[in-house]
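Good morning, colleagues. Please have the structure open before you while I speak.

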Amino acid sequence: MNIVGETLATAIPGSVALLYPSLGELISERTGVTNLGTEGSMLSGALAGIAVTLATGNPVLGVLAAAVAGAACAAVHALAVVLRGANQLASGLVIWFLALGVTSVLGSPLNGKIVDPLPALRIPVLASIPGIGPALFDQNALVYAAYLLAPAIWLFLTYTRTGLALRATGERPAVVFAGGHNPTALRFSATTVGGALAGLGGAQLALGIVGNWANGMTNGYGFVAVAVVIFARWTPLGVVAGSYLFGVALALASVIQANGIGVNQYLLDSLPYAVTIIVLVLVSRFGRSNAPESQRDALSETV
Amino acid sequence: MRTSARAAAAIVAAAAVVLLAACSGSSAASTGASKKATTVGFIMVGSTDDAGYNEAVEDGAKAVEKDLGTSVKVITADNIPENDSVTQTMQAMANQGAKIIFATSYGYYKYALEFAKAHPDITVLHQGGFLDGTFPKNFGTYWGEAYDPVGLGGMAAGAVTKSDKLGFIYAFPIAQSIANIDAFELGAQKVNPNAQTYVVNTSNWCDPLKQKQAVTALLNQGVDVFSQHQDCQSTVIQAVKSAGKKIVGYHYDAKSLDPDGWLTGSAWKWAPVYEAIIKSVEGGTFTGSKYNANWTGTFADGNNPLQLASFGSSVPADVQSKILAEKDALSKPGSSIFEGPIYCQDGTVLVPAGKTATYADTNSFSCLVKGVVGTLPKS
């Protein structure tokens, strides 16, 4: 494999672990709800995925459990923010702290236990494309699902009535209400679905990539997902680009070192963040330029 | 205003739950309390079930409890980050009557030293640190000559590799890790002059995603035997296992995770050190003793807390006997894997011919030896 293929093969599983929560956060934010608890949803998903797979021996159930656990965390956030009008930033951070503490306690006995990671399913023909083929088409099912999910979410948001109502909820909920939809229900479900996707991101990390649980194993990637959505200016295409870009830059640190090339470690560590921010800011002029209006109102609310 | 009141209430409620969770997580497991019992605290940075560094500490603490019986009361705290939290944990242990505290993570060093200075009545021990200066009367560091067993693991790796490419995944360019990488490569060279060690760092003691990426990147270079200096081992062992490659472990004997791929490794056995230190404090002989200094267990003294782990099935019998013979050689007084001449990658002399590096020397190692591929980051 050449170095491009090598980097991609290393990067894509990690990019997908970031793409799920980013897409989830995108849906949620387009209805006006920012969820800093995304990191918590990922952690819960990772733990639930490993725990259920260990208990049942069935990774499919593990993945489902991950989605449910992620959704449950987000539902608590939605309950506080959408139904009770709590401050979004405060509630999100509380959910994160809570998930970090609870998963550490519950997950403690699972440290050091391993499961087989989800198997790579080689797609015939496509996987034989020279260079990038093996990197893109010799991956696990969650990776392929993510390939399809991103355009599906774009189509849904752009071309369906529900997608329109969802986006409108993020701008002018009163208009949506007048139009016969229920903005509260839309926000609640979008936030919860977003959490389910973050849970899948956790599953990709724990079940899809490494095959074990370690306390706090998401190491802040959930917050990166929230940042990606903002820097991608709330566009699905930007979110996809940002996630893959971050994943590639993250993997580059390992690939560059394994190739014996000397680069400052601390520079390498900041690379994913720097590259993602710079590129997304540069391309932002092509997308929408403002946050969903009602989200801005919600966030500027003083505690 | 109603909103803000609710948010505040939510934060308070959640903080309470987190505190509860944290308390039960840092399980203040105590047993065998009697009136004269000495309370001993152990603080760990990670989980007590990490099949790695922290589980080895937990095993040591349990052994202390079992061996010393009612004369000690053991309290432990795990998942304590390397920041002010460790000071708070030490204070909490002091409030519970702890007279001896073992701060067992590398990054606890400065907090442990400060705490010792502020609390002359409590003896504070730091695991793995090195104090270059005057010791407070109630402070000591302890460690083992880790690089000797790591070098033995390197021999197993060098003998078994088919591609002559070994991989070493570390976290930060600290002296301990540098010495381990160098020892690993030197050990490999003893049985295979062509063996090269490729290095990748993860900037984290336990980030499974980066560990996995490091393994993948090294596999792409043709590396077929891996080793590591990370706190949690599972991800690397498992990634190596799925690739059908070999692993030399560190911190903990994790052969059971991959019986076929496991070559050998080094595993901490802390109990004898902990117990000797506790007894010296109880007997009032700690101050001025060898433990009131940078204490290092070695093969030569027969008290190296880092032991050679068990051999896996992939290590041929003749290689095993070569490694055991080398272990005997390293057990002679004054010997070490760092026997000159040893050269850095750029050709400068690390250890001159005829000299053997001491533990103190290795604490100022700042170069990778010839045969290591990759560079050390500059801070």
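Predicted model: local features only at pLDDT ≥ 70, side-chain atom pairs only at ≥ 80, totals over all residues.

Let me begin with the interface. Chain B places 51 residues in contact with 50 residues of chain A. Between them, the two chains bury about 4000 Å², and 57% of that area lies on carbon and sulfur atoms. Which residues of chain B lose the most area to chain A? They are Leu209(B), Gln213(B) and Gln238(B), which together account for 16% of what that side buries.

I turn next to the polar side of this interface. Across it, 14 residue pairs are found in polar contact, counting pairs with both residues at pLDDT 80 or more. Which elements of chain B each supply at least two residues of the side that touches chain A? They are helix H1 (2-25), strand E7 (196-201), helix H7 (208-220) and helix H8 (234-242). H1(B) provides the largest share of that side, with twelve residues. By class, the residues of chain B that touch chain A comprise 23 nonpolar, 19 polar and nine charged.

How many salt bridges are counted between chain B and chain A? The count is one. In that salt bridge, Asp269(A) is paired with Lys210(B), and the closest N and O atoms are 3.5 Å apart. As a general point, side chains of opposite charge can pair when their charged atoms come close.

Let us now consider two of the helices of chain B. The axes of H7(B) and H8(B) come within 9 Å and cross at roughly 35°. This crossing is right-handed. On H7(B), the residues that take part are Pro208(B), Gln211(B), Lys212(B) and Val215(B), and they meet Thr235(B), Val236(B), Ala239(B) and Val240(B) on H8(B). The contact of these two helices consists of five nonpolar, two polar and one charged residues.

I return to salt bridges, this time over the whole structure. A search over all chains finds five. One is formed by Arg122(A) and Asp138(A), whose closest N and O atoms are 3.7 Å apart. Arg122(A) belongs to strand E1 (residues 121-122) of chain A and Asp138(A) to strand E2 (residues 138-139) of chain A, so this pair ties together parts that are 16 residues apart in sequence.

Finally, I draw your attention to the backbone. Most residues other than glycine have a negative phi, and most peptide bonds are trans. Gly340(B) and Pro341(B), however, are joined by a cis peptide bond, with omega about 0°. Pro341(B) sits in the loop between helix H10 (317-330) and strand E13 (342-343) of chain B. In chain A, Arg233(A) is not a glycine, yet its phi is positive, at about 55°. Arg233(A) is placed in the loop between helix H10 (221-231) and helix H11 (236-258) of chain A.

Definitions and conventions:
Residues numbered from 1 in each chain as written. Chains lettered and ligands numbered in written order. Heavy atoms only, no water. Contact = heavy atoms within 4.5 Å. Buried area = accessible area lost by both parts, 1.4 Å probe. Salt bridge = Lys/Arg side-chain N within 4 Å of Asp/Glu carboxyl O. Polar contact = N/O pair within 3.5 Å; in protein donor to acceptor, adjacent residues only side chain to side chain. Helix = DSSP H or I, 4+ residues; strand = E, 2+ residues; numbered from the N terminus. Nonpolar A, V, L, I, M, F, W, Y, C, P; charged D, E, K, R; others polar. Axes fitted to C-alpha atoms, helices over the stretch in contact; angles between N-to-C directions. Left-handed = near helix turned anticlockwise from the far one by under 90°.
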